[in-house]
Amino acid sequence: MNTYNNAAKASRKFKLKILSSAILMALGTNMVYAQSSDTDITEEVVVYGIANSLKSAADFKRNSDVVVDSITAEDIGKFPDANIADSLQRVPGVQISRDRGGEGRFVSVRGLGSQFNMTTLNSRTLATDNAGRDFSFDVMPSELISQADVYKTSMASIQEGSIGGLISLKTRKPLDTPGLHVNGSLGGLYDEGTEQWGGQSSVVVSDSFHDDTLGVSLGVTYSQREWKADTYELLSAKKYVSVPANTDGNTEAVNAWMPDIPSFQHKFGERERVGVAGAIQFKPDDRIDTTVDFFYSNYKTPESSYSYNINFGTSSGIAVTDIAPWSTPSTTNDGVLIDHVVTGFTTEKSDLEIGNDTQERETDTYMIGWNTIFQATDDLKLDFDVAYSKAERPNEGDNLYTVAGLTPVSYTWNTSKSGVPKLGCTTTDGRNCWDATNDDIGIHFMELKGEQVSDEVVSLRFDGDYDFDLSGLDSVLEFGVTFSTREKDKDIYKSADGCAYCKSYTQKLDQVGINAVLPDPVRYDTGKDSGISYWPALDPYSLFAAARAFDRLEHQEGRFEEKLAPRLQDRESTLIEEEVLGAYTQLNLKSDTWNANAGLRWVQTDTTSSGHIQELVALEKISGSSNYSGTYGDSIPVTFDNTYDNLLPSASFNYEFSDNAILRTAVSQTITRPTISNLGPDLKWEINSGTPRVNFGGNPELKPIESTNYDMSFEWYDDNGMAASAAIYYKDISNWIFWGGEEVIYNLTVTEEGEPAMQQDVAFAAGKPFNGDSASLTGFELAFQQIFANGFGVQMNYTYADTESTTTVGDFKVEGELDGVSKNTYNLVGFYENDNFSTRLSYSYRDDYISAARGGDWANPKMNSDFATLDLSMSYNINENVSVYLEGQNLLEEYGQTYWGDTNATHYYEQYYRRFEIGARFKF
């Protein structure tokens, strides 16, 4: 185990805790002094922006029938953070995962990942451009959101589909604040990684007419940012290598983990987002309230990556020089104990691989809905809602992936204490590999590819509330019917044979007179000592031009179009159609001191999964490479239907001990449907990276994940925004979906250069999603906020979560923890504000956690390191209409790291940079 790394990690945790604690203690000292020195401690606290937002959120939680947390905008168009996910991470029990560049993208609730939660906009499902159901928060401008509620317990009247939590985003209706309102902002965003400025602007206008019976609102936002990320990623790992005795002092032979295909990557790109939201609301009297609202987002995030890759699987003369004990020893299915990790080795002959990878992502997301609330009688209220949403991400092979380089070279490798290995490389003539010239470099692997997604959702909802008296109790009978259709089309485009030019790097660029080396080399800086700080940057378009030139030189005109032109890959593409019909009834009872509800929701789900199957029939070994060319059989269309029904009972009871104290209890059954990307019959043959693999992208027969939930919460409130709560919860989960791995033998025709074709049994690593056995999640949450009369305030929360899971794959049973669950998560926020000035300092921390449990042949999990972020925001009101602000994110410059059970075995590393925003807001 790496003692230095663990000590450094512990030291960092200690310093961060001291820093955040000192800040809050200083604030707390002033708070206590100010309160105790007040002669009238019952004086009403005057609240401003931040305090008023917290007070509104506390009131919403206090008046709710379920366990819920809320974030409200301080003003129209002024959500607390530029990214909604960054705001949600400060809610108890909520964690976020970050996209490249450090921005929050996906949200987990009570430890359950984004695929187990639902996100709605104005109570409707929003289409998404990713392959699953997960909502990507990066497409949603925060300026258009007025409130975000996180429902942690369920009722029959709440839309089904989440075993973690329901995140309800809301836009403001124009008649919520009658009259003319104009709010806007203009700011500049500085990224320390790129040392470039971006910007954002927004304007939200609302007005009412005809004696406040007609309201209209429109909001428009624009933001742009340039980012970069220097990362390290292990694309493939060896299962283990046998290390002989007398290596690094070991007295006997051991089996040790070793890297296979590592990649040092310099990534950069631009993010540009345009958002529009609006509404027309008509409310002629107290009986009719009808609203048409719409939302549109265009999000462009093209990305480029220059990489330096090494395939140690094709290297020769490997000599292990250093090993270390493995912190989490594991045993393979065949009984081999892996108890060490290789921390140093050398190679005599290897390849130098220089890669390019461009990702084109532009998505359009929009939704339009019509909602009408009709008070039919004094006792009966009806609510009708219909909506249409669509998300599109076109890409018919616009991504470029290339690998060029030279061979042979020799390497030295040492695991770095930072998590990024230290690399040395020398050419046969004694030069540093990073100084390779255009004349050294030959073309190799090339591919044009893309994933095109279209997602359409139509939803209808009819709800009714009937008020009546039941034995002196205020009673409401809720009932409703829901119907929705969803159609998600995923088309994969790819070159037919990316290895058409894999000839041991012998096709040199200078042979066809093409210069692909750009004037400026890649500048690589992980902030750590990696031994590599630059390498030649190659233009991928020049590499494709070189391929065409070799076609002419070798009299193989048409090879490029046949082998590299992107084509629709039927076997990897899917169409998933889903229809959901549901109905519910719920009885709500209320007395002076308690309220309760009990209900039943029925839902039927019909899915149709369409795609193609295509068998691999022959392999041709490419000389000087670990890659193959494949020959495939006919593409055969297939369709699978699946139907399941669920009855979801729920009940809750809330008791008010006083005007300030509430006890909540709840029990419910909930489901999460399989993520859409796991439902297709798609099939992917991978024959160009070490061990051949076949991945069955989905399983059309998957059943929903089911959970029985038990919750209890005690809450305390006062009238000045103080709130405290303690909650415990338990989830008993069945039908858990996991990715099962196994080895599959295919009898294929195999051809090698100079050898006759032979029928051979070839072992493929295979994977497919299955419904697993069971899992449980137990946890508790503590939360506290206080607003003081002197303008100071504090907010803090802590969440503990513990999980157990049992998964059976054939005769192999894995007992462990659920993916994505941190045992400890906490947030500390201190703020101060008066009539003109406000400031907020927030610190968020989450423990390390399992990001991918390993099943099948190797049971070692992939872990995410702990992560903390410190953010600061300040604003000053120049007058009642104009204010200026300054915000800073990730002030501690945290990094993200994943590793295979031991920090010596890094899987992914990225240094996140600080970001600053300065600007002005106005309102009239």
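## Helix H2

In this predicted model, the buried residues of helix H2 are Ile-50, Ala-51, Ser-53, Leu-54, Ala-57, Ala-58, Lys-61 and Arg-62. The helix runs over residues 49-63 and has 15 residues. From its first C-alpha to its last it reaches 21 Å, close to the 21 Å expected at 1.5 Å a residue.

An α-helix has 3.6 residues a turn, so residues three or four places apart point the same way. The buried set may be read with that spacing in mind; it includes Ile-50, Ser-53, Leu-54, Ala-57, Ala-58 and Lys-61.

## Salt bridges

The structure holds 40 salt bridges. One of them joins Arg-124 and Asp-293, whose closest N and O atoms are 2.8 Å apart. Arg-124 belongs to strand E5 and Asp-293 to strand E12 (residues 288-300), so this pair ties together parts that are 169 residues apart in sequence. Both Arg-124 and Asp-293 are buried.

Another salt bridge is formed by Asp-383 and Arg-461, with 4.0 Å between the closest N and O atoms. Because Asp-383 lies in strand E17 (residues 380-393) and Arg-461 in strand E20 (residues 442-470), the pair ties together parts that are 78 residues apart in sequence. Asp-383 is buried, as is Arg-461.

## A further pair and a network

The side chains of Arg-431 and Asp-429 also meet in a salt bridge, at 3.1 Å from N to O. Arg-431 has a relative accessibility of 30% and therefore counts as partly exposed.

Salt bridges that share partners join six residues into one network: Lys-61, Asp-69, Arg-110, Lys-152, Asp-711 and Glu-781. Lys-61 in this network is also one of the buried residues of H2.

## The loop between E5 and E6

Thr-128 and Ser-136 both require attention here. Thr-128 is found in the loop between E5 and E6, and Ser-136 has its place in the loop between strand E5 (124-125) and strand E6 (147-151). The relative accessibility of Thr-128 is 4%, so Thr-128 counts as buried. Ser-136 is buried as well, with a relative accessible area of 2%.

Thr-128 and Asp-455 are 327 residues apart along the chain, yet their C-alpha atoms are separated by 6.4 Å. For Ser-136 and Arg-105, the separation is 31 residues in sequence and 5.5 Å in space, C-alpha to C-alpha.

## Strand E44

Asp-871 is found in strand E44 (residues 867-877). Its relative accessible area is 8%, so Asp-871 is buried. Asp-871 and Tyr-843 are 28 residues apart in sequence, and their C-alpha atoms are 6.5 Å apart in space.

## Backbone geometry

Most residues other than glycine have a negative phi, and most peptide bonds are trans. The peptide bond from Thr-407 to Pro-408 is cis, with omega near 0°. Pro-408 is found in strand E18 (residues 399-414).

Asn-735 has a positive phi of about 60°, although it is not a glycine. Asn-735 is found in the loop between strand E34 (723-734) and strand E35 (737-751), and its relative accessibility of 16% means that it counts as buried. Glu-893 likewise has a positive phi, near 50°, in a residue other than glycine. The loop that holds Glu-893 is the one between strand E45 (882-889) and strand E46 (895-899). Glu-893 is partly exposed, with a relative accessible area of 31%.

## A negative surface patch

Asp-379, Asp-467, Asp-469, Asp-474 and Asp-592 form a negative surface patch. Patches are made of residues with over 30% relative accessible area and no salt bridge. Asp-592 has a relative accessible area of 78% and is exposed. Asp-592 lies in the loop between strand E25 (574-590) and strand E26 (594-613).

Conventions: Residues are numbered from 1 along each chain as its sequence is written. This is a predicted model: local features need pLDDT of at least 70, side-chain atom pairs count only at pLDDT 80 or more; totals for chains, interfaces and linings use all residues. Side-chain values use heavy atoms; hydrogens and water are left out. Patches are made of residues with over 30% relative accessible area and no salt bridge: like charges are joined within 9 Å, nonpolar side chains (Val, Leu, Ile, Met, Phe, Trp, Tyr) within 5 Å. Accessible areas come from the Shrake-Rupley method with a 1.4 Å probe; for residues, only the protein chains shown count as cover. Lys and Arg count as positive and Asp and Glu as negative; His and the chain ends are not counted. The place of a charge is taken as NZ of Lys, CZ of Arg, CG of Asp or CD of Glu. Helices (H or I, at least four residues) and strands (E, at least two) are DSSP runs, numbered from the N terminus. Buried means under 20% relative accessible area, exposed over 50%, partly exposed in between (1.4 Å probe, protein chains only). The expected span of a helix is 1.5 Å times one less than its number of residues.
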